[in-house]
Amino acid sequence: MTKVGLAVHRTFHSVSHSRNFRLFFGGQVVSVTGTWMQSVASALLVYKLTGSGVALGVQGALNFGPLLVFGVWGGLLADRRDKRRILIVTQSASALLAFALWGLVAADVVRLWMVYALSFVQGLATAADNPARQSFYAEMVGQGDLTNAVSLNSAVMTSTRIVGPALAGLFADTIGLAPCFLINGISYLAVIGALVAMRPGELHRTPVPEARKGQLREGFTYVWRTPGLRLPLMWMAAIFTFSYNFSVLFLVLARGPFHGSDGTYGLLLSVMGVGSLAGALMMARQQHPSPRRLAFAAVGFGVVSMVVAVAPTLWFVLVVLVPCGLVSAVFMITGNSTLQLTSRPEMRGRVMALYGIVFLGGTPFGAPIAGWVADHFGPRIGIALGGVVAIVIGLVAMYTLMRRRLRELLPAAAAPTSAAPDEPAVRSAV
């Protein structure tokens, strides 16, 4: 096998070795394309109805707020129940909600409160879907290929972000927003069909904890007492909340300083998706994520975000968004994989529920703040502040890891001095 062939094999190892993951991977390619189309179309719809960045933030808060409140219950459900069946139910519910929004927009009767209500109900479905989906990768491919599977799923998310937003922007400029919601509803059939077609006997089932009181508290306690989980979650919580508000800030940036169309907003997200795809494929060849890589990726993301904020022209922004997408993908994948590989199998659903809370549940706080900053000070300031937060958190993470490393090394260095008088102190150096 050539070096190129070996690299391709390592990159797509999970797809070639697991029929269940291959089905899921294919279904996700179709479904997530539709999801990105609806995500962009929903933001454009709210902005057309209100012209307000704050309204965009409120919509994001309603979409992900339920995850913040009910996400831990979704994690407990994922630990106690069949994850595949949970996903079939949640994906079916999401399809029905997309069809409902399509009907309202196509009939030209949609109002802001209707969009808000459907966003909230979608958030309830996400609260159950996200922890089940995040912890389902280990069941499809096993522990050994987990990082590869997470990276490939991120590659799906990012590659479809190239196509989905571009299509949504094109439709918005030509035939309207309604087809975006219709296509999304239909696209869910692909992943539902993939889940139904899986072979349950080939799944790597995780232990199911016996139902008892205190299991939610047990999950919180487990994470808090495990530094390898607690510290990355705290770092990611700050960055996801204040630095990952692209759907709000990029739309205001496209329509404000650059005086662009709906297609310009889709173009910004698509180009960032190109970089994210490159980062996801690069990470697919890595097997051992580390907090150190997470810290470096945070600093890198912050630096590139600040360059995006000061970029003078649209073309300059488009160029810089490629590395911005790359380091953002490295940060997300490293954080996700670190949590999954560090947590015990019977606790993974609850741990990934907390990951979902910090990844998406921070939106109810971050998105309205980003919208307010964009309305009062401009989107560039919002992007720059997000970059500052990422840099500060990354540097704090580096300092914390360095101190932990020194504490681990000092006892080992001091050990020879405590040896008995007749023991040679140089023994440990041999």
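A cavity is a set of grid points where a 1.4 Å probe fits but cannot get out, and its lining residues have an atom within 4 Å of a point. The views below show a predicted model.

**View 1. The second largest cavity and its lining.** The structure holds three cavities of 30 Å³ or more. Two or more lining residues come from each of α10, α11 (246–255), α13 (291–310), α14 and α17 (379–414). Helix α17 gives the most, with four residues. By class, the lining has 10 nonpolar and six polar residues, and no charged ones.

**View 2. The largest pocket.** This pocket has a volume of about 160 Å³. Phe220, Val223, Trp224, Arg230, Leu233, Met234, Ala237, Leu354 and Val358 line the pocket. The elements that give two or more of these residues are α9 (215–224), α10 (227–243) and α15 (348–359). Helix α10 gives the most, with four residues. Eight of the lining residues are nonpolar, none is polar and one is charged.

**View 3. Leu339 and Pro232.** Leu339 sits in helix α14, which runs over residues 314–342. Its relative accessibility is 0%, so Leu339 counts as buried. Leu339 and Pro232 are 107 residues apart in sequence. In space, their C-alpha atoms are 7.9 Å apart.

**View 4. A nonpolar patch on the surface.** Eight side chains can be picked out here: Leu68, Val69, Phe70, Trp73, Phe120, Val121, Leu124 and Phe365. Together they have about 740 Å² of accessible area. Helices α4 (53–80) and α6 (112–141) each give two or more residues to the patch. The most come from α4, with four residues. Val121 is one of the patch residues, and its place is in helix α6. With a relative accessible area of 38%, Val121 is partly exposed.

**View 5. Asp108 in a loop.** Most residues other than glycine have a negative phi. Asp108 has a positive phi, near 60°. This residue lies in the loop between α5 (83–106) and α6. Asp108 is exposed, because its relative accessible area is 65% and the cut-off for exposed is over 50%.

View 6. Side chains of opposite charge can pair when their charged atoms come close. The structure holds three salt bridges. In one, Lys83 pairs with Glu139, and the closest N and O atoms are 3.1 Å apart. Lys83 belongs to helix α5 and Glu139 to helix α6, so the pair ties together parts that are 56 residues apart in sequence. Both Lys83 and Glu139 are buried.

View 7. Asp129 and Arg133 meet through their side chains, at 2.9 Å from N to O. Both lie in helix α6, four residues apart, which is about one turn of the helix. Asp129 is buried, with a relative accessible area of 6%. Arg133 is buried too, at 16%.

**View 8. The salt bridge of Glu202 and Arg199.** The side chains of Glu202 and Arg199 meet at 3.0 Å, N to O. Glu202 has a relative accessible area of 37% and is partly exposed. Arg199, at 42%, also counts as partly exposed.

Methods: Residues numbered from 1 in each chain as written. Predicted model: local features only at pLDDT ≥ 70, side-chain atom pairs only at ≥ 80, totals over all residues. Heavy atoms only, no water. 1 Å grid on protein atoms, 1.4 Å probe; cavity = no way out; pocket = protein on both sides within 12 Å on 5 of 7 lines; lining within 4 Å. Points joined across faces, edges and corners; volume = space filled by probe spheres on them. Nonpolar A, V, L, I, M, F, W, Y, C, P; charged D, E, K, R; others polar. Patch = residues over 30% accessible without salt bridge, like charges linked within 9 Å, V, L, I, M, F, W, Y side chains within 5 Å. Areas by Shrake-Rupley, 256 points an atom, 1.4 Å probe, with all protein chains shown as cover. Salt bridge = Lys/Arg side-chain N within 4 Å of Asp/Glu carboxyl O. Buried < 20%, exposed > 50% of the residue type's maximum accessible area, 1.4 Å probe, protein only.
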